[in-house]
2 protein chains.
Amino acid sequence: MDVASELLTGTILAGARAIRWLDDGDPRGAQTLAAVFPHTGRAHIVGITGPPGAGKSTLVNALITEERRRGRRVGVIAIDPSSPFTGGAILGDRVRMGKHTLDPDVFIRSIGTRGQAGGLARSTHDACLILDAMAYDLILVETVGVGQDEIDVVALAHSTVIVGVPGLGDEIQAVKAGLMEAGDLFVINKADREGYEDTHRQFELMLHLRTEAKTHGGGESWSPPLLRAIATKDEGIADIVDAIDRHKEILQSTGEFGLRSAQREREQALTLACAEIMRGIKHSADPAILSAVENREMDPYRASQLLIKNWQEKAPV
Amino acid sequence: MDVASELLTGTILAGARAIRWLDDGDPRGAQTLAAVFPHTGRAHIVGITGPPGAGKSTLVNALITEERRRGRRVGVIAIDPSSPFTGGAILGDRVRMGKHTLDPDVFIRSIGTRGQAGGLARSTHDACLILDAMAYDLILVETVGVGQDEIDVVALAHSTVIVGVPGLGDEIQAVKAGLMEAGDLFVINKADREGYEDTHRQFELMLHLRTEAKTHGGGESWSPPLLRAIATKDEGIADIVDAIDRHKEILQSTGEFGLRSAQREREQALTLACAEIMRGIKHSADPAILSAVENREMDPYRASQLLIKNWQEKAPV
């Protein structure tokens with residue numbers, strides 16, 4: 001049996017191999033993906049994002065436990081910040097998910113950022129498709145950090161959970177404001193900490209302003225809930241899973257579920273095309289042009305035009 | 001007098017206009033940049049990065065004051081996280097820099113992330129070149145957040161200052177570990193806060209491990225200093241500026257200063273070429289291919305190949 005067929009029966013080893021092939025740019029990865037692609041589009045993709053220190057990994061761990069209790073198979077994609085120099089991922093948080101590693105119905109995969117712009121979104125999307133083909137009911141995508149990574153998760157997910165935490169400084173609250181509009185569910189974790197009431201008020205205010213400003217991503221019928229949790233004590237976790245389930249139902253009944261999936265695949269095709277050309281351009285770049293730029297004899301904009309011409313002449317159509 | 005000539009005499013209005021043109025993709029931006037490009041490469045570009053809540057904006061503000069005291073003209077590029085939906089930047093931190101806004105020898109420019117992968121690095125680089133042409137001695141590039149943004153700053157700067165802060169959680173310390181190897185200077189800000197000693201020990205340990213693992217970016221002769229600061233009280237600021245100056249001298253004496261500049265321009269040319277093609281691909285994409293992907297009749301990898309072919313056939317060589 002080949003990897004694609006094994007993968008469709010849910011064999012973890014086959015899934016891990018396909019994801020590795022895709023990450024490495026091994027052609028067997030794209031072949032496998034092509035074979036299983038028609039079987040994707042079923043999994044509910046849930047992004048979990050928020051500032052560092054919000055306890056996202058612990059929350060994900062608790063969500064896995066609750067989803068398993070409800071009989072669902074769960075995939076997790078954890079995006080670790082990693083050094084662009086060593087390529088090493090930070091493993092501390094993964095260790096805390098340890099108790100699920102022996103459960104055959106839970107598949108946890110860490111993805112390093114590797115310092116490649118656009119590469120992270122691509123790898124994450126590839127991994128989502130593979131887990132989807134393996135018939136995981138739910139795929140949790142957890143990102144650490146604030147900024148572009150979060151936006152990529154939002155673009156990828158059916159449902160986005162924004163995790164806040166009491167007592168972080170002004171700057172973090174400001175950063176979070178940029179994400180408020182993207183969230184479908186809001187959770188204040190570590191709710192037994194000092195400052196919970198203040199943070200809750202801030203979130204409420206932001207949600208109120210948002211409601212006034214526009215209708216929601218999930219249609220008029222969805223009003224983003226604001227939930228409290230203490231993930232370390234499993235408090236509030238069942239409510240979060242209930243809310244995630246309700247959001248999925250609404251997305252399905254409005255047709256938004258399929259629309260978000262379709263949009264995701266289209267963006268992925270465009271992203272892959274761009275990445276391919278990027279590789280081609282770097283490979284075919286005329287050293288004389290690059291030297292002229294380095295010596296400030298030719299500006300980068302002019303040079304970019306020549307590099308494109310260069311690549312077009314060399315690349316087989 | 002045209003914008004390029006005005007800009008070279010340091011006229012702020014001309015600089016602001018050129019940066020806006022470049023941001024908007026107005027062809028006059030690239031023309032202006034081409035005209036002033038030979039006059040760039042002199043400014044010392046200093047990245048200021050670290051986790052949210054580290055007080056980077058306050059620190060930048062204090063650094064401006066000290067640099068001005070030493071008679072230098074200072075450019076600042078502040079990268080704000082912004083919503084991909086509204087495009088709005090968060091302005092709170094900028095307000096704190098208010099006291100410098102009337103000083104003609106300080107130019108502060110905020111750049112929103114706009115949710116475009118790769119776009120942030122390009123805009124920042126463009127703005128750096130314009131400020132460089134305007135003969136600012138020093139350009140401080142401040143990023144908020146952790147992750148790809150920081151890595152882009154590191155790629156852009158001659159000198160990178162990593163700002164830490166006592167008492168942030170494990171997760172933030174872990175994130176910071178990924179950046180440790182990228183720093184040329186380390187500053188623990190808010191040094192009067194509880195937990196300073198612990199954070200100082202952690203930083204020392206990480207720097208020690210790093211020294212053992214490899215030689216430094218600035219050559220063997222540079223040992224990254226670990227400094228303490230209380231930016232709100234102007235404490236430790238002069239020491240930081242001294243260290244930044246020393247780093248510049250060493251970069252210049254080893255030839256690394258010019259090498260980092262050259263590498264930056266080369267990367268920019270490649271980035272611009274990729275961005276241009278990305279626009280072309282999105283513009284020329286055959287709707288039939290995109291529909292096939294959306295309906296899961298064709299996988300994204302296969303579709304990306306066809307999209308490239310598509311674009312090559314339509315694009316004028």
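Tutor: The model is predicted, so to speak: local features need pLDDT of at least 70, side-chain atom pairs count only at pLDDT 80 or more, and totals for chains, interfaces and linings use all residues. Residues are numbered from 1 along each chain as its sequence is written, chains are lettered from A and ligands numbered from 1 in the order written, and side-chain values use heavy atoms, without hydrogens and water.Helix H11 (residues 256-284) of chain A packs against helix H11 (residues 256-284) of chain B. Helices are DSSP runs of H or I, at least four residues, and strands are runs of E, at least two, numbered from the N terminus. The angle is about 140°, and the axes lie 9 Å apart. Axes are lines fitted to C-alpha atoms over the stretch in contact, with angles from 0 to 180 degrees between N-to-C directions. H11(A) is therefore oblique to H11(B); angles under 35 degrees count as roughly parallel, over 145 as roughly antiparallel, 65 to 115 as roughly perpendicular, and the rest as oblique.

Contact means heavy atoms within 4.5 Å. From H11(A), the contact residues include A:Leu270, A:Ala273, A:Cys274 and A:Ile277. From H11(B), they include B:Leu270, B:Ala273, B:Cys274 and B:Ile277. By class, the contact has 12 nonpolar, no polar and four charged residues. Ala, Val, Leu, Ile, Met, Phe, Trp, Tyr, Cys and Pro count as nonpolar, Asp, Glu, Lys and Arg as charged, and the others, Gly among them, as polar.

Now chain A as a whole. Chain A has 13 helices and seven strands. Of its 317 residues, 58% count as buried, meaning under 20% relative accessible area with a 1.4 Å probe, protein chains only.

Methods. Buried < 20%, exposed > 50% of the residue type's maximum accessible area, 1.4 Å probe, protein only.
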